[in-house]
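Hi everyone, thanks for coming along.

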Amino acid sequence: MNSKYTLLVCDGASCKTTHKANLAAGFKKVIAEKKLGEFVSVVKTGCFGICGQGPIVKVLPDDLLYVSVKQTDIEEIVEEHIKNGNVVKRLLYTDPFTQEPVEKQKGKKIYQKQFRIALRNCGLINPEDITEYIAVRGYEALASVLADKTPIEVVELMKKSKLRGRGGGGFPTGLKWEFTAKQPGNEKYVICNADEGDPGAFMDRSVLEGDPHSVLEAMAIAGYAIGASQGYIYVRAEYPLAIHRLNIAMEQAREYGFLGKNIFSSGFDFDIDIRLGAGAFVCGEETALIHSMEGQRGEPTKKPPFPSVSGFRKKPTSVNNVETFANIPAIVLNGADWFASIGTENSKGTKVFALAGKINNIGLVEVPMGTTLREIIYDIGGGMVNNKEFKAVQSGGPSGGVIPKEHLDTPIDYESLKQIGSMMGSGGLIVLDEDDDIVQLAKFYLDFTQDESCGKCTPCRIGTKRMYEILDRLTKLEGSPDDLDILEDLAVNIKNSALCGLGQSAPNPVLSTMEYFKDEYEAYAYRKVKHTYSIITDKCIGCTKCARVCPVECISGSVKVPHVIDESLCIACGACYTACPVNAIEKP
Amino acid sequence: MLLDMILNKYPAQEDSLIEILLEFQDAKSSHFISEAEVKQIASYLQISEAKVCSVISFYTFFRTEQKGQHIIQVCRGVPCHVTADINIVKIIEKELGIKVDETTENKKFTLEYTSCLGLCDKAPVMRIDDKIYTNLTENKIKAILAEYRVYN
Ligand SMILES: Cc1cc2nc3c(=O)[nH]c(=O)nc-3n(C[C@H](O)[C@H](O)[C@H](O)COP(=O)(O)O)c2cc1C
Ligand code: FES
């Protein structure tokens, strides 16, 4: 028998929900039954970032991953691997390129180009046990800052590292802290923005679930730097597991004296509270967020004054994003020069992206700034599902745009993405293939923004609604070529006149798709789009599968006789297309 | 009473309004906030009723009409939309005989949309009360609903 094993069982929300059963408990039970307790320990960890294949179990020291592990596999893993030292090949992670099972995690392509700073502990420590965080030098950064540095020196360190905010805007964190620190008065606040409302983004959730202490530690460092003794985490109520883990982490940190009065006997006091969001996307915007924390409607206000001057309770406040915070303890421990040596000229360090859509390795990746989209999608992401043709990738959510094939080799950082009409945003990357309709996608985003518009300013409230109506008209084949000009005009006007970032960036999905996929808009405008599905009679074998899945029951025919779609009723949902075993359905 | 109990946990400051509303609505079985309750909350926090109403109307989480015992929320995020090759909402609408934002006659289910739940890697996703269901297929949805019909 091998010396001593550790089983890391993923306990992120993603893996947790796939199988309601508790894998960690299952392992413990089987291990106890087999009396192997002294040879193996079971640890619950945060997300490994390849959630598409969860639940995941990692075996140390063998450095090997089992994927899609079910309750019924536990017995075999314990018996074969732990007891007899044999790898259970059928559960191994498979490389999407070579289709070969991978025995060593380090050899996996998905990890090769990655560089983990913000996610450094996710998947490696038990987020509900502070001693594991301490074991990986947790709270050492806070201790060293309190012992050896003045607040001004901390600000200087952050400035030197050139860390920029990961919440979307990319504002230099050191400068933000400096402004806040310089304000008069001694009532100041640190706020962690964990509202993560962009559809398709889940990196902040993963950090909070996988490594909550790094955020708490960084908030305390921020408090020391700007002169605040109270911090708040504004987290969306859609993230119950993250909230639960944060509460546990705060309690443990208080117990150990890392939060509360007189931290590390330095005379510095700092504590943190949680505030919940109630389902309004605009509350991710910092001024709206602050109003929401004050129990008001979450409407943004004009800047200046910036929160660093007049924020929560009208006091100087530094609002920073979860991922921004997660970088900070690592910067303190390794030095500003180390951090500034990673990345591109103007964007330092790494960025976490959430890969979703039609890609093989769905999940989180963290790469140095300046990595190209091609590397992210093909080398790390494992390429397109079913080898379909890549069409575009949507980045930056409802404020961003699409990036087509010709820009796949752009090294990504804040500036380069803006230049090609998209933006970093929070880091959601949604990969689209040839089957996806770009105009429908733009309509989807506009539907989202017009719904989430807080209604305070006219360009956003009415303008986005009108844009949505035009897109709706176009996609129903009721539009006209003039609509394209109106749409573009409207988009530019809203961009220039809206009050907050939501409205100012709401037209981006339309503008960028119009730039790269104008022909698809034109096809709709000139009504050249065939907008229903139809059956190729020669190919149809009459299996009835399509008729059974059609939600509007517009397919008729009897067994073994070619079927027909009533195109006046077809809603173009595509269900029949997916169901057909012989490719006899023609797409619009 | 439920509301009294919840109010007493929070300081009588305007700051607490959203937290109170969230906790109360979640705990109450019909999942909505009535006019009488608005009054009580306003008087506890010493703010106007109009203020409470304006906050309730702003946030999508808050409801002012009686809802079903179970609230089904289907994710409307883009990843769920592009990944799903079935129409989740249509399937549920057909199963329950209601449209989005409606409640079944027996007050058992309400169907709603939700914004992204951050589980896009397991798309398509829906939530019933505080349980999350991922990687949905038509059969899975039917089985889940059947379970709720029988056991809950
Ligand atoms: C409409 C809108 C939504 C936003 N949503 C978020 C969000 O979900 N999370 C976030 O951290 N920042 C969000 N921001 C950016 C914040 O306003 C703010 O710039 C950020 O929290 C600052 O933190 P950072 O400097 O660390 O990036 C949003 C901005 C706008 C205009
Ligand atoms: S889009 Fe559905 S969970 Fe994110």
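Let's begin at B:His31: is this residue buried or exposed? B:His31 is buried, because 20 other C-beta atoms lie within 10 Å, and 20 or more is what we ask for before we call a residue buried. Please keep in mind that this is a predicted model. In chain B, B:His31 sits in the loop between helix 2 and helix 3. Its phi is near 50 degrees, a positive value in a residue other than glycine. For background, most residues other than glycine have a negative phi.

You can find A:Asn386 in the loop between helix 15 (373-380) and strand 12 (390-395) of chain A. Here the count of other C-beta atoms within 10 Å is 9, so A:Asn386 is exposed.

While we are on loops, let me point out two peptide bonds. In general, most peptide bonds are trans. The bond from B:Ala123 to B:Pro124 is cis, with omega about -10 degrees. B:Pro124 is in the loop between strand 2 (109-114) and strand 3 (126-128) of chain B. In chain A, the bond from A:Lys303 to A:Pro304 is cis as well, and its omega is near -5 degrees. A:Pro304 belongs to the loop between helix 12 and strand 9 of chain A.

Now let's walk back along chain B to helix 2. Which residues of helix 2 (residues 17-27) are buried? They are B:Leu17, B:Ile18, B:Ile20, B:Leu21, B:Phe24 and B:Gln25. Looking down the axis of helix 2 of chain B, you would see these buried residues fall within an arc of 160 degrees, so they line one face of the helix.

What do the buried residues of helix 2 of chain B pack against? Within chain B, their partners are helix 1 (2-9), helix 3 (35-45) and helix 4 (49-58). From chain A, strand 8 (268-277) and helix 12 (286-293) join in.

That brings us to the contact between the chains. It takes 41 residues from chain A and 36 residues from chain B. On the chain B side, the elements that give two or more residues are helix 2, helix 4, helix 5 (78-83) and helix 6 (88-96). Helix 5 of chain B gives the most, with 5 residues. Sorted by class, the chain B side has 17 nonpolar, 10 polar and 9 charged residues.

Let's step back and take in chain B as a whole. Chain B has 7 helices and 4 strands, and along the sequence they follow the pattern α-α-α-α-β-α-α-β-β-β-α. Of its 152 residues, 38% count as buried. The domain assignment gives chain B a domain 1 (2-58) and a domain 2 (70-151), and the C-alpha centres of these two lie 28 Å apart.

Chain A is divided into five pieces: domain 1 (5-107), domain 2 (130-339), domain 3 (350-433), domain 4 (438-525) and domain 5 (530-588). Where does ligand 1 draw its shell from? At least three residues come from each of domain 2 and domain 4 of chain A. The shell has 22 residues, and the closest are A:Gly165, A:Gly167, A:Gly284, A:Asn321 and A:Gly501. Strand 9 of chain A gives the largest share, 3 residues. By class, the shell divides into 5 nonpolar, 12 polar and 5 charged residues.

As a general point, nonpolar side chains in soluble globular proteins tend to be buried together. The largest nonpolar core here has 173 residues, and A:Val215, A:Met219, A:Ile221, A:Ala354 and A:Val393 touch the most other members. Helix 10 (residues 212-226) of chain A gives the most to this core, with 10 residues. Apart from it lies another core of 23 residues, including A:Cys10 and A:Phe27.

That's my tour, and I'm happy to take questions.

Key:
Residues are numbered from 1 along each chain as its sequence is written. Chains are lettered from A and ligands numbered from 1 in the order in which they are written. This is a predicted model: local features need pLDDT of at least 70, side-chain atom pairs count only at pLDDT 80 or more; totals for chains, interfaces and linings use all residues. A residue is buried if 20 or more other C-beta atoms lie within 10 Å of its own, exposed if 12 or fewer, and partly exposed in between; C-beta atoms are placed from the backbone. The arc is that of the directions from the helix axis to the C-beta atoms. Two residues are in contact if their C-beta atoms, placed from the backbone, lie within 7 Å. Ala, Val, Leu, Ile, Met, Phe, Trp, Tyr, Cys and Pro count as nonpolar, Asp, Glu, Lys and Arg as charged, and the others, Gly among them, as polar. A residue is near a molecule or strand if its C-beta atom, placed from the backbone, lies within 6 Å of it. Domain bounds come from an automatic or database domain assignment. A nonpolar core is a set of buried Ala, Val, Leu, Ile, Met, Phe, Trp, Tyr and Cys residues joined through C-beta atoms within 7 Å.
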